[in-house]
Amino acid sequence: MSERNVLGGELEVCGTDPPTGFYRDGCCTTGPEDRGSHTICAVVTHEFLEHQRAIGNDLTTPMPHFRFPGLVPGDRWCVTARNWLAAYEAGAAAYVVLAATHERALDIVPLEALREMAVDVPSDPGSLLE
């Protein structure tokens with residue numbers, strides 16, 4: 001069975017440059033080893049990165065031993081559901097790619113909050129012209 005996203009569809013790739021995900025496979029897949037629930041595909045902003053640093057989660061400093069390059073605004077990255085929710089509650093949430101956000105994120109974050117910060121492009125971008 002394939003991994004599902006918060007919309008009920010097949011989980012899409014979050015980002016490969018830099019490669020993201022707990023397993024560094026480009027997807028926000030999760031498993032028993034992923035105690036942090038790195039399930040939300042975020043498009044990080046300066047405000048989000050600053051908030052994360054303030055709560056002790058520095059996402060800007062490279063850590064090569066974890067294959068972590070350090071993030072800059074605009075990067076897509078699988079972030080933990082709890083830390084994303086903390087940023088949301090503080091008014092500093094990153095944008096979310098719903099199709100690449102794992103359904104397990106809903107164990108922690110309400111779908112309404114994720115939808116509020118969604119930046120998904122529809123599968124048929126032509127529908128935006130209608």
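## Thr101, a residue in a loop

Thr101 sits in the loop between β3 (95-96) and α3 (111-116). Helices here are DSSP runs of H or I with at least four residues, strands are runs of E with at least two, and both are numbered from the N terminus. The model is a predicted one, where local features need pLDDT of at least 70, side-chain atom pairs count only at pLDDT 80 or more, and totals for chains, interfaces and linings use all residues. Residues are numbered from 1 along each chain as its sequence is written, and side-chain values use heavy atoms, with hydrogens and water left out.

Is Thr101 buried or exposed? Thr101 counts as buried because its relative accessibility is 0%. Buried means under 20% relative accessible area, exposed means over 50%, and partly exposed lies in between (1.4 Å probe, protein chains only).

## The surroundings of Thr101

Which residues does Thr101 touch, leaving aside its neighbours within four places in sequence? Its contacts (heavy atoms within 4.5 Å) are Arg4, Asn5, Val6, Leu11, Thr39, Ile40, Cys41, Val96 and Leu114. Look at Cys41 in particular: its backbone nitrogen lies 3.1 Å from a polar atom of the Thr101 side chain.

Now for the charged residues. Side chains of opposite charge can pair when their charged atoms come close. A salt bridge is counted when a side-chain nitrogen of Lys or Arg is within 4 Å of a carboxyl oxygen of Asp or Glu. How many salt bridges does this rule give? The count comes to three.

Arg53 takes part in a salt bridge with Glu50, with 3.0 Å between the closest N and O atoms. Both Arg53 and Glu50 belong to helix α1 (residues 46-54), where they are three residues apart, about one turn of the helix. Arg53 also forms a salt bridge with Asp58, and here the closest N and O atoms are 3.9 Å apart. As for accessibility, Arg53 is partly exposed at 38%, Glu50 is partly exposed at 36%, and Asp58 is partly exposed at 28%.

## The pair Asp107 and Arg104

Another salt bridge joins the side chains of Asp107 and Arg104, at 2.6 Å from N to O. Asp107 is exposed, because its relative accessible area is 54%. Arg104, with 46%, counts as partly exposed.

Technical notes
A polar contact is a pair of N or O atoms within 3.5 Å; within protein, one must be able to donate a hydrogen and the other to accept it, and residues adjacent in sequence count only if both atoms are side-chain atoms.
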